[in-house]
2 protein chains.
Amino acid sequence: MALPPIDAPPRLTSIAASDVAALAAGTAIFGTGGGGAVYNAQIAAELSLVEHGPVDVVTVGELGADDLVISMSGIGAPTVGIEMLSANHQIHSLMREGERAAGRPITTLMPAEIGGSNGIGPIGWAARLGLKMLDGDGMGRAFPDAAMVAMNVAGVPCDFAVMSDVVGNVSVIKTVDLHWMERLARALTVASGSICLGVHYPLTAETAKGAVIEGTVSAAARVGRALLEAPEPVDAVAQAVGGVILLRGKITDLDRRTEAGFARGSVTIAGTGADRGRLQRLELQNENLIVLEDGEVLASVPDNITIIDAETGQAITTESLRYGQRVAVLAWACDPLWRSPRGLELAGPRAFGYDLEYVPFDPTTARRAL
Amino acid sequence: MALPPIDAPPRLTSIAASDVAALAAGTAIFGTGGGGAVYNAQIAAELSLVEHGPVDVVTVGELGADDLVISMSGIGAPTVGIEMLSANHQIHSLMREGERAAGRPITTLMPAEIGGSNGIGPIGWAARLGLKMLDGDGMGRAFPDAAMVAMNVAGVPCDFAVMSDVVGNVSVIKTVDLHWMERLARALTVASGSICLGVHYPLTAETAKGAVIEGTVSAAARVGRALLEAPEPVDAVAQAVGGVILLRGKITDLDRRTEAGFARGSVTIAGTGADRGRLQRLELQNENLIVLEDGEVLASVPDNITIIDAETGQAITTESLRYGQRVAVLAWACDPLWRSPRGLELAGPRAFGYDLEYVPFDPTTARRAL
């Protein structure tokens, strides 16, 4: 077995209750404005880990022939998710139907997306079920569509999805592609009161290889710890993600509307302090998608853009943006997988309806906060 | 084995292509205005029987320990069903997932409702799959809600439903009750383009006993044959169902709107000939629910009300009603099961939002056409 390279960041081998706060702060940063508020999921995960003990975290390379990984996520309106909590029976019916559909036991949970509450939720369920967590996820951030996952970029088909609601209903859907899966899953979710819990995309040690974004659970913990422990959290977060603060300022305009279940619109941030006189506009579709200044695109999807609190460095989700907030605009490069032709086809600017050529974000040359 | 009583009507033991026209005419009568137009299903069934040979029809009493019956129906908007035909792969995925969910082979198909196209559709699929047909159904007519079935009246739970669409998507839903099943099935159907094919309610020889309305496939064939062969089809149909023609006249007013996926409204029929001067109004919710004359309820759900063509005796579905049509209003008693307290709770007038006490329809005392 090869030793890890000398400069590889330390990785998480298990998650205890005391790790969750940092993980939650980190997954919120990776939410790039979406993925839902992390607080409820954080409380639930802490409680589960206190009750059931720490969860083992494994890498793709550590998976054995008997392992079956399944992606887990909440589906629906985050605003509803805050008020309608998941029930224990939901996870048990997901596992029962998931194992029946897969024809073998599920050993390992993976967050469908590391960004936001979906990056934290599976930890608590893994503790309750005695399962392992995979150090990786399907997006490396948050995206609004189930088709925007690394496994899809890598060409691995999704055999099924299982969904359960708080009422006790459970559904197994097998679709011709991920767009249909998203469509049917959304329809079921709306019928169930706009929030469901789901597992999908069973992966073996073989199929997971090269098809998930690895190390993102460790990365979220590292970024969250930097945020919580550093004296200058904004700079610490930027450094931890290997990114750049594009602007420091305050929100002077906010155009946000809910369309077809998505928060859409734009937010305008006027520079303050050394950045006075500068103006940036961000395009939003659940996540922060594009940063514009003087007609120039400074960063765009699939690269990562998160608006963070100017003092605490904590991420602000698109639904929590408010007029007058003091913020910093953080951007950093996406996983190389998203820069492949297939990755850009699925999650580049054009996939979100923007008629512009993707320019990879480069932190060394980016226009940054002064 | 006891001999059947002397006056028992002859029963169907197999269905050939040459039986389908009569069956279709009969199921249309049992549609009580709903259940969808039968023509497409008739053509498809005839073709399947020509290609694959006749289908055996069995009674509940003839089911063995190895038999598993499953109810089959189209779900969605009949208007879409006319244009978007079912695909062969749909039935195969239904069977595969249905057998997986049941854990045993499916041997026998049953129409979820005998009324309308759903009474005919399963015949063609049974021929293609080499399965038997049960001489019975879940409603003895057509109803708009999956919860309005004999199995539910009898207290037999529905283990699962499987749905498939023409695209190739297939879903298995397990719900806490039939209202949730209807709700999730509708949501999936709308997402799939408003028409799906489904199987649900697996029944064994044991659970089917007393929980289905027996003999309705034979009855539909008998009624259809009377309609097609008699010189006076209107009277022949009334006699075949053991019912009464309440009025002969023409449609003088039609208030029909589509609400929440249902055809709702009312139709007014002015008597002609000997019935001149009489006026009846029928309340519609997909099916014909209530017949009123001079403020008196002449017949109401769950008893059966079908508007038929004054010349041909053919049933007219609520969506095919037109101003000026010459029609006869036919009513006959429902299966006794629907008159039980549980039956009326599920499908009595109040279940459809009408604040009136159910009065069982009695053909011997009913106000009839003159």
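How many bridges pair strand 11 of chain A with strand 17 of chain A, and in which sense do the two strands run? The legends below describe a predicted model, and the first of them takes up this pair.

**Figure 1. Strands 11 and 17 of chain A.** Strand 11 (residues 244-259) of chain A pairs with strand 17 (residues 326-332) of chain A over six bridges, in the antiparallel sense. Within this pair, A:G249 has A:V327 of strand 17 of chain A as its bridge partner. Helix 10 (residues 233-241) of chain A packs on the sheet and touches strand 11, strand 16 and strand 17 of chain A. The direction of helix 10 of chain A makes about 10 degrees with that of strand 17 of chain A.

**Figure 2. The seven-stranded sheet of chain A.** Seven strands of chain A make an open sheet with antiparallel pairing, in the order 15-14-13-12-11-17-16. At its edges are strand 15 (296-300) and strand 16 (304-309) of chain A, each of which pairs on one side only. On average, and with direction ignored, neighbouring strands of this sheet are turned by 35 degrees against each other. Strands of a sheet pair through backbone hydrogen bonds, in either a parallel or an antiparallel way.

Figure 3. The secondary structure of chain A comprises eleven helices and 17 strands. Its radius of gyration is 19 Å, close to the 21 Å that the globule rule gives for 370 residues, so chain A is as compact as a globular protein of that length. Taken along the principal axes, the C-alpha atoms of chain A fill a box of roughly 60 × 45 × 40 Å. Chain A is divided into domain 1, covering 14-216, and domain 2, covering 232-352. Between the C-alpha centres of domain 1 and domain 2 of chain A the distance is 25 Å.

**Figure 4. Contact between the domains of chain A.** Domain 1 of chain A has 22 residues in contact with 26 residues of domain 2 of chain A. On the domain 1 side, the elements that give two or more residues are helix 1 (20-30), helix 3 (78-81) and helix 6 (150-153) of chain A. This side of domain 1 of chain A has 14 nonpolar, seven polar and one charged residues.

**Figure 5. Helix 1 against helix 5 in chain A.** Helix 1 of chain A and helix 5 (residues 117-129) of chain A cross at roughly 145 degrees, and their axes come within 8 Å. Helix 1 of chain A contributes A:V20, A:L23, A:A24, A:T27 and A:F30 to the contact, and helix 5 of chain A contributes A:G119, A:I120 and A:I123. By class, the residues of this contact are six nonpolar, two polar and no charged.

**Figure 6. Helix 1 against helix 9 in chain B.** Helix 1 (residues 20-30) of chain B packs on helix 9 (residues 216-229) of chain B at an angle of about 105 degrees, with the axes 7 Å apart. That angle makes helix 1 of chain B roughly perpendicular to helix 9 of chain B. Among the residues of helix 1 of chain B that meet helix 9 of chain B are B:L23, B:I29 and B:F30, and the helix 9 side includes B:V223, B:L227 and B:L228. The residues of this contact divide into twelve nonpolar, three polar and two charged.

**Figure 7. The seven-stranded sheet of chain B.** In chain B, seven strands form an open sheet in the order 15-14-13-12-11-17-16, with antiparallel pairing. Strand 15 (296-300) and strand 16 (304-309) of chain B stand at the edges with a single partner strand each, so one side of each has no neighbour in the sheet. From one strand to the next the twist averages 35 degrees. Strand 12 (residues 262-271) and strand 13 (residues 279-285) of chain B run antiparallel and are joined by seven bridges. B:I269 stands opposite B:Q280 of strand 13 of chain B.

**Figure 8. Contact between chain A and chain B.** Each chain takes part in the contact, with 17 residues from chain A and 17 residues from chain B. On the chain A side, strand 8 (170-174) and helix 7 (178-191) each supply at least two residues. Helix 7 of chain A gives the largest share of that side, seven residues. The chain A side divides into eleven nonpolar, four polar and two charged residues. Strand 8 of chain A also pairs with strand 8 (residues 170-174) of chain B, in the antiparallel sense and over five bridges. A:I173 stands opposite B:S171 in strand 8 of chain B.

Terms used: Residues numbered from 1 in each chain as written. Chains lettered and ligands numbered in written order. Predicted model: local features only at pLDDT ≥ 70, side-chain atom pairs only at ≥ 80, totals over all residues. Contact = placed C-beta atoms within 7 Å. Helix = DSSP H or I, 4+ residues; strand = E, 2+ residues; numbered from the N terminus. Nonpolar A, V, L, I, M, F, W, Y, C, P; charged D, E, K, R; others polar. Pairing = 2+ DSSP bridges. Axes fitted to C-alpha atoms, helices over the stretch in contact; angles between N-to-C directions. Parallel < 35°, antiparallel > 145°, perpendicular 65-115°, else oblique. Domains from an automatic or database assignment. Rg over C-alpha atoms; globule rule 2.2 N^0.38 Å.
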